Amino acid sequence: MTYSLISVGAFEVNCAIIRGTQNEAWVIDPGEDAAAIIAALQRDALRLARIILTHGHIDHIAALDGLLAAFPGTPVVLHPDDAAWAFGARNRFPPYNVVPPRPATLAGVADGDILADGSLRAEVLHTPGHSPGCICLLFADDGVLFTGDTLFAGSVGRTDLPGGNGAKLARSLKRLAALPGTLAVIAGHGPTTTLAEECRVNPFLARCNRA
Ligand SMILES: [Zn+2]
Ligand SMILES: [Zn+2]
């Protein structure tokens, strides 16, 4: 697996394009700028096999309908605890005044699920706290962890938005901290880091396994 990141939208979400060995691709968090995401896929003749949403916040999903218009029928993955509200008016947040419609191809996902398409393979970790349906994606074979808005370099996702829960976030972070420190961490916003580095410097992570 290889990946590239596109910074999209007003909140500079890291939209990831994940590429397998046979041009199969996943897009994580198409938050804005559908045209740029589509161009990146088309430039390398990638076959979009799945769209994965780390959580439902509008800045991570706003380009969903534009992307689906270019790649109709692509399965979309979102945890049901966020699918319950992500496609309604509750998800409006300035400057995002339009919420994309619920995709016909929306599929639920649960903790421990393995997503696989071609050579791409990732495990779903349900990590509630920033929102009820936050997930992280663990590419164990590739040593990469996509953390969405659960864990950032030096910080964590806010818990004061509707559905946020600080106690649940603490439990989710404790679980991440037990993963191998060698994992690269690609967060929903901001720079890439490693789990070991976050265990060293991030005040929100405690009792890390420094493997
Ligand atoms: Zn968020
Ligand atoms: Zn975000």
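This section describes the overall fold, the zinc site and the local backbone features of a predicted model.

The secondary structure of the protein chain consists of six helices and 14 strands. The radius of gyration is 16 Å, close to the 17 Å that the globule rule gives for 211 residues, so the chain is as compact as a globular protein of that length. Along the principal axes, the C-alpha atoms occupy a box of roughly 45 × 40 × 30 Å. Of the 211 residues, 53% count as buried. The accessible surface of the chain amounts to about 8800 Å², and carbon and sulfur atoms contribute 53% of this area. When contacts between residues at least 6 apart in sequence are considered, 60% of them join residues at least 24 apart. The chain carries 16 positive and 20 negative charges, whose mean positions are separated by 6 Å.

Two zinc ions, ligand 1 and ligand 2, lie 3.4 Å apart and are bridged by D149. With a relative accessibility of 0%, H60 counts as buried. H189 also counts as buried, at 17% relative accessibility, because the cut-off for this class is under 20% relative accessible area.

Several backbone features were also identified. Most residues other than glycine have a negative phi, and most peptide bonds are trans. A cis peptide bond, with omega of about 5 degrees, joins P94 and P95. P95 is placed in the loop between helix 4 (80–83) and strand 6 (106–107).

Positive phi values occur at E12 and at N23, neither of which is a glycine. For E12, phi is about 50 degrees; this residue lies in the loop between strand 1 (2–8) and strand 2 (13–19). E12 counts as exposed, since its relative accessibility is 53% and the exposed class begins over 50%. For N23, phi is near 70 degrees, and the residue is located in the loop between strand 2 and strand 3 (24–28). N23 is partly exposed, with a relative accessible area of 32%.

Note on methods. Residues numbered from 1 in each chain as written. Chains lettered and ligands numbered in written order. Predicted model: local features only at pLDDT ≥ 70, side-chain atom pairs only at ≥ 80, totals over all residues. Heavy atoms only, no water. Helix = DSSP H or I, 4+ residues; strand = E, 2+ residues; numbered from the N terminus. Rg over C-alpha atoms; globule rule 2.2 N^0.38 Å. Buried < 20%, exposed > 50% of the residue type's maximum accessible area, 1.4 Å probe, protein only. Contact = heavy atoms within 4.5 Å. Areas by Shrake-Rupley, 256 points an atom, 1.4 Å probe, with all protein chains shown as cover. Lys, Arg positive; Asp, Glu negative; His and termini not counted. Charge placed at Lys NZ, Arg CZ, Asp CG, Glu CD. Donors = N, O, S within 2.8 Å, 3.2 Å for Na, K, Ca; no water.
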